[in-house]
Each structure stands twice: as C-alpha cells, then as structure tokens.
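Thanks, everyone. Please have the viewer open, and we'll go through this model one region at a time.

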Amino acid sequence: MSEEQSIPRPADAAPANHGGYSPEQFSEALGHIERWARTYLESLPDRPAGAQRGPGETLASLDPHPPAQGEGMAMWGRVGDEMRSTIEPGLMHWQSPAFFAYFPCSSSLPGVMGELASAVLNVNGMLWSTSPSATELEMRVLDWCAELFGLPEAFRFDAAGSSGGGCIQGTASEGALASLCAARKRKVDAGRERSGMCVYTSTQAHSSIIKAAMVAGLADGPDDRSRVRLIETDGGLAMSTHALREAIERDLDAGLTPCMVSTTQGTTSTGAFDPLPEIGEMLSMMPSSKRPWLHVDAAWAGVAAVCRQFRGVLAGVEHADSLCINPHKWLMTNFDCDLFWVKDRASLTGAMSITPDYLRNPQSDAGEVVDYRDWHVPLGRRMRALKLWWVLRYFGADGLRAHIEHHVRLAEQVEACIREEPRLRLAHERSLSLVCFAVVGEDERTKDLIDRINARGRVLLTRTRVPVEGVSRWVARVAIGASSVEAKHIEILIEELRSALDEVVQ
Ligand SMILES: Cc1ncc(COP(=O)(O)O)c(C=O)c1O
C-alpha cells in the first residue's frame, strides 16, 4: 500500500483543495450556517452575555496542529455543533439584549446581509478603477449620512465647490491617525518642523488619540507628554476651552507647533461633550498659520444627530477639519464601519498618497476619480458601503430615529430608577442612552456592585474611574444600544441592580 493510500481521506475532500465553489455548494454551506445562526440568535435572550471561559480554555479545546487533509463539504455538517461547544462559550455576546457594557456594537438584518454580500463579492476597492461601484456607492452613502446627520455642505462630495468628502474607515482609531497625518502634513507644507508638532485633547478623550500620536511618532509611549497635551476638564468632564487656549499659547511661545486639537462629542466613560462651538470659535480666531487642525471624535454619540432633537451633539462641527462617527456602535451597521469626513480632502490624500507604477491607471492619472487607498493606511479595502447602504434603506431616516429615541427612552427609565433609589446616585448627568451612577458611600461598593451583577450573568455592565465632584471614583455604566433591547430587559436590569444592592449595602 502506498503512503498516499494509507491516509484516510474524507470522501468529499476534493472541494477543499481549491478555492472555487459552485453555486450549489454555496447554498448547501449557507444552509448549515443559517441553521446554526438561527439557534444562536434564539439562544441569545436566555444566555449570559459575558464569556464563560477563562484564559486558555478555548485554546486547549482546539487542535494544536493544522489539518493535513481538508474536510471539504463535510465540514459544514459539523460546524454548528463546534460553534456551540468550542466557540460560543468563550464569546461575549454583544448582540444580547442583556448587553449594557462598553458602548454597543450593534447589528441588524441588513447589516448582516451586507457583510455576507460583501464577502461573496470580495472585491478590493483600493482604487476607483479596481471596482468603480465600490467607490461610488461609498461616496454616495457618505453624502447620505452627511445629510442625515445635518453636516455642513463642506463635508460632502456633491455640494457645489466643496473640496471635502468622506470614506469608511475600519475604526475611529484609524480616523484619528488619518487626521493627525493630514494635520501634520499641512503644517510641514507650511514650513514647520516635524519635531515640534503638538496634539491637544482632553483628559477624558478616548485612548485612540494618544495612540494615534504614538503611531505617528509624536509620543514614545502612552505617558509621554512631551508633545501630547491632555487638557483638564470641568465638573461635567468637558474640555476646558480656557485651559486649551493656555496650552496652545504656551506651545506657540515656546516655538512649538500646535498641530491638532481633538474634541470628543460623547466621551467613552461618561458621554461628556466638549464645548465644540466655543473651541471651534476660539481656533477660528487664530491666524491660519498658527491654527491647529480640528478633529471631532463623535464615534459613539454622533449617530444621535439623525434625530432633530439631538442635533446639538454635533453643534459647532462647522469648525472641524475632520470628523468621525461610528455606525458600528449605535446605528445597527455591523462592525466595522467608521464614517470619516474631511473638509479638505487634498490635505488628507497629500499625507497618504504614494503611487507606484503598478497602481497607475488613466482615471487616477487624470485626477477624475476618488481613490480611497489615499484616505488611510491600508491599500486594499473591502466593500463596507454595501451594509451601510442596506441599513439606511431598510430602516430609512424615520426608522433610524425611532431606534435612537427608543434607546434614549429606555435610558430615561434607568435614570429614573437611579434617582428613586436612595442607595444610588447619578455620578454624572445621563448622556443620551448612557447612564453613569455610583453607590452612595464607600467607593469600593460601586465596583463590588458591578462585579456581583456581572457574576450573576443576567445582564452585563462595565465600570470606569472618573472624577466625580473632583474626586476620582468608581462609576458604573449602563450603555443601552443592543438592537434587540426592550423595556422587559431594562426591568431585568433594574431587578438585578436592586438585588445586588441589597447584598452590597445592608
Ligand atoms: C469616543 C470614542 N472614540 C473612539 C473610540 C474608538 O473606537 P474604534 O474602536 O472605532 O477605534 C471609542 C470606543 O469606544 C470611543 O468611545
């Protein structure tokens, strides 16, 4: 018997040996995945939202070696059981209606279908010429979103005389890095030294701003403050315009270059809003040779601007040079989808564009088209616009508004419960669908409360540490945003809160 004959092979292994697949095979595989997905979705309301595995447990259940022979089509019959036994227990179930942790990572039927369709197409829209529809659909949905969120015309492709526009970045972190690169390029072009560039954001800003400075070479580590200025905040944790002005003036006096200011409209810990109209006004009074780039991080809260009554979340955005908003957080668009707009796209592409001969093509050479590879670090890019297009059409502006309003109403319910409960107090004012509270008395009680609630497994919350009335404290966060959350899930949350509270405060 030859060696080859001695190796047992699944009868239908052949299809695994090459990547092509027939339409029939696609349908068969999809049937299996559909059956698994259905049982998974059905299980969500009744399972703990938190992961049920400790470090290394999933790893230990996986074969340490890759398979020598492909399983072929027979694999699909096994994946449902494997997902249930091997993968699902080690997942945090972000789509669970009991998920109130972090910020949401919301999803929807059109979002899921858009991801699937994009995977089937698997086009690489790095250049306009490598898939014109991918680029032009993205341009159109970015303009649609600019309209939905009430952005100034300067951020749109289709506005007369506009030199702005938007693209989909993977994450807000990538948007922050792209902004910083564009901001620095503008200053370098104006003759400023790269070594003197400074970045300003508040002490409450997301870590992605400092990370952008680290990646761009402006900081040697998270604690390097030689060119990163963390501006103090007021009692409501919003950036102090006065302190920002002072920091900028100090740096100008020292011969340094204020390169970028990043405000946060809806901070990660408590949903605070920096005074963007005031900061924007202050910066616009500076001579353009000294004025830093203004980036606005509205990753979580920005989508609320779809509702007229919440348009204020983006007040002052007309002063911004760039802006990011993540529909993958709170607008039912599957991860990943960060919308990133710039007013002057040439300063962005000037910082990012490099054209080797193998990418040259007549349309790009003629400057007739948008090549999205020039808007971020990656060259290759998938067709993320499809899912956003379908989300916008499936729900329509009214449906999106109803979604945001529903979650804000649920958050009001949580807020009312906190206000009524003498053992709890709001740590900061509710911000849209985010409620932050603390247990009255000893600081550790808040941490203990959240740990106990999470250990029970019926709902999942997170905590943070922020100044409350000037003193650093543990603060519990309830972030409402899962697409399937309803009033009954808030009732469970409140039940859990009260009963854990009975254990923490006798
Ligand atoms: C205000 C804010 N900005 C930026 C980010 C980073 O988001 P991303 O994961 O898209 O980089 C977050 C994440 O929660 C955030 O809350």
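Start with I279. It touches M239, T241, L244, V261, T263 and D274, leaving aside residues up to four places away in sequence. I279 is found in helix α10, residues 276-284. I279 and E429 are 150 residues apart in sequence. In space, C-alpha to C-alpha, I279 and E429 are 22 Å apart.

A word on confidence. This is a predicted model. The mean pLDDT of the protein chain is 94, and 96% of its residues reach 70 or more. Then there is residues 1-13. There the pLDDT is below 50. Beyond near neighbours in sequence, that stretch has 14 contacts in the model.

Next, the ligand. Which residues come nearest to the ligand? They are T171, S173, H206, T268 and A299, out of 15 residues around the ligand. Now sort the shell by class. Nine residues are polar, four are nonpolar and two are charged.

On to the helices. Take α8, residues 207-215. Its buried residues are S208, I209, I210, A212 and A213. What do the buried residues of α8 pack against? Two strands in the list are β2 (197-202) and β3 (228-231). The list also has β4 (257-264) and helix α7 (172-189). After α8 comes G217, with a positive phi near 85°.

Now α16, residues 487-504. It has 18 residues. From first C-alpha to last, α16 reaches 26 Å, close to the 26 Å expected at 1.5 Å a residue. Which residues of α16 are buried? H489, I490, L493, E496, L497, A500 and V504. Seen down the axis of α16, those buried residues fall within an arc of 120°, so they line one face of the helix. On the other side of α16, the exposed residues are A487, K488, E491, E495 and D502.

Last topic: backbone angles. Where is the cis peptide bond? It runs from F335 to D336, with omega near 5°. D336 is found in the loop between α11 (327-330) and β7 (338-342).

M332 also lies in the loop between α11 and β7. Phi of M332 is near 60°, a positive value in a residue other than glycine. M332 is buried, because 27 other C-beta atoms lie within 10 Å and the cut-off for buried is 20 or more.

Then Y102. Its phi is positive too, near 40°, again in a residue other than glycine. Y102 has its place in the loop between α4 (76-87) and α5 (109-121). How many other C-beta atoms lie within 10 Å of Y102? The count is 18, so Y102 is partly exposed: buried needs 20 or more, and exposed needs 12 or fewer.

To recap the backbone: look at the F335 to D336 bond for the cis peptide, at M332 for phi near 60°, and at Y102 for phi near 40°. That's the tour.

Notes
Residues are numbered from 1 along each chain as its sequence is written. This is a predicted model: local features need pLDDT of at least 70, side-chain atom pairs count only at pLDDT 80 or more; totals for chains, interfaces and linings use all residues. Helices (H or I, at least four residues) and strands (E, at least two) are DSSP runs, numbered from the N terminus. The expected span of a helix is 1.5 Å times one less than its number of residues. The arc is that of the directions from the helix axis to the C-beta atoms. A residue is near a molecule or strand if its C-beta atom, placed from the backbone, lies within 6 Å of it. Ala, Val, Leu, Ile, Met, Phe, Trp, Tyr, Cys and Pro count as nonpolar, Asp, Glu, Lys and Arg as charged, and the others, Gly among them, as polar. pLDDT is the predictor's confidence in each residue, from 0 to 100. Two residues are in contact if their C-beta atoms, placed from the backbone, lie within 7 Å.
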